[in-house]
Amino acid sequence: MSLKGKVALVTGSTSGIGLGIARALAGAGSDLVLNGFGDAAQIEALRSGLETEFGIRARYSAADMSKPAAIAATVAEAQAALGAVDVLVNNAGIQHVANIEDFPEEKWDAIIAINLSAVFHASKAAIPGMKARGWGRIVNIASAHGLVASGQKSAYVAAKHAVVGLTKVAAIELANHGVTANAICPGWVLTPLVQRQLEARAQAEGISVDAAKRAFLSEKQPMAQFSTPEDIGALAVFLCSDNAKTITGAALSVDGGWVAQ
Ligand code: NAD
């Protein structure tokens, strides 16, 4: 399947799942706009490496996804420099773990801004161009926590449930414009975001990081293995394909059976 001639903006693609998705889309021939935080030299090596490895055009935007004006500017810059945003992958996300009564207000606000409001702002900016061209794909990276809850993750669970709802609204509004909107709901994927939670748990409970990994998986997933960024990337590429043209408004689990229970 070829995405040659398409342009994909993947938010939060300097690490983890976003990077896996960016690599998979580039592998299918799509030009890219990378986004996310990190060391400037490493990001430039990543950007130019993707261009060389896949023979595509790749740009980088340092936009902070908690800033609506910066999000709109990123979409506009992508359209000006590469001609379009055909594929929008809303992936940037952060986590904070605490009971509601201890949850810092600023963490609540940041998680809602980055994990939820950014999905609205980026979609709002990208949809007019998709409609004008009669083709588009919106892929929102929600979570198993978009479908079920866990304790100590109030902001994250609220944001991810809302992303699943927002995805459905976009699907309905865009149903006859050649544009689909779907959510991918991963279970555990071993990325820096999860590694930080593993290390915090290992330290809090005086156990090894390997023991924390086993605990994370056995508590939530019937399947005792992590999904990979490549697994999520492959599904994102499929959702961009012509065979997926009538898949819209779906919340697709890649979670080792987490929400089957
Ligand atoms: P990660 O920490 O490896 O990557 C997050 C990316 O988002 C990084 O590129 C980071 O720089 C970027 N980012 C963070 N704040 C940003 C901001 N304000 N503006 C722009 N970019 C920002 O995490 P990950 O595990 O790859 O998570 C990616 C997405 O997948 C998130 O939405 C997360 O909620 C979701 N998810 C992850 C898992 C998992 O198990 N890892 C499971 C379900 C859903």
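Start by selecting Ser15 and the ligand: a polar side-chain atom of Ser15 sits 2.7 Å from a ligand oxygen atom. That is a polar contact, meaning a pair of N or O atoms within 3.5 Å; within protein, one must be able to donate a hydrogen and the other to accept it, and residues adjacent in sequence count only if both atoms are side-chain atoms. You are viewing a predicted model, where local features need pLDDT of at least 70, side-chain atom pairs count only at pLDDT 80 or more, and totals for chains, interfaces and linings use all residues. Residues are numbered from 1 along each chain as its sequence is written, and side-chain values use heavy atoms, with hydrogens and water left out.

Next, pick Thr191, where a side-chain N or O atom is 2.4 Å from an oxygen atom of the ligand. For Lys160, the corresponding distance to a ligand oxygen is 2.9 Å. The protein covers 94% of the 830 Å² of accessible area that the ligand has on its own (Shrake-Rupley method, 1.4 Å probe).

Now show everything with a heavy atom within 4 Å of the ligand: 31 residues surround it, and the closest are Ser15, Asn91, Tyr156, Val189 and Thr191.

Zoom out and colour by domain. An automatic or database assignment gives domain 1 (7-187 + 228-253) and domain 2 (190-226). Their centres, taken over C-alpha atoms, are 25 Å apart.
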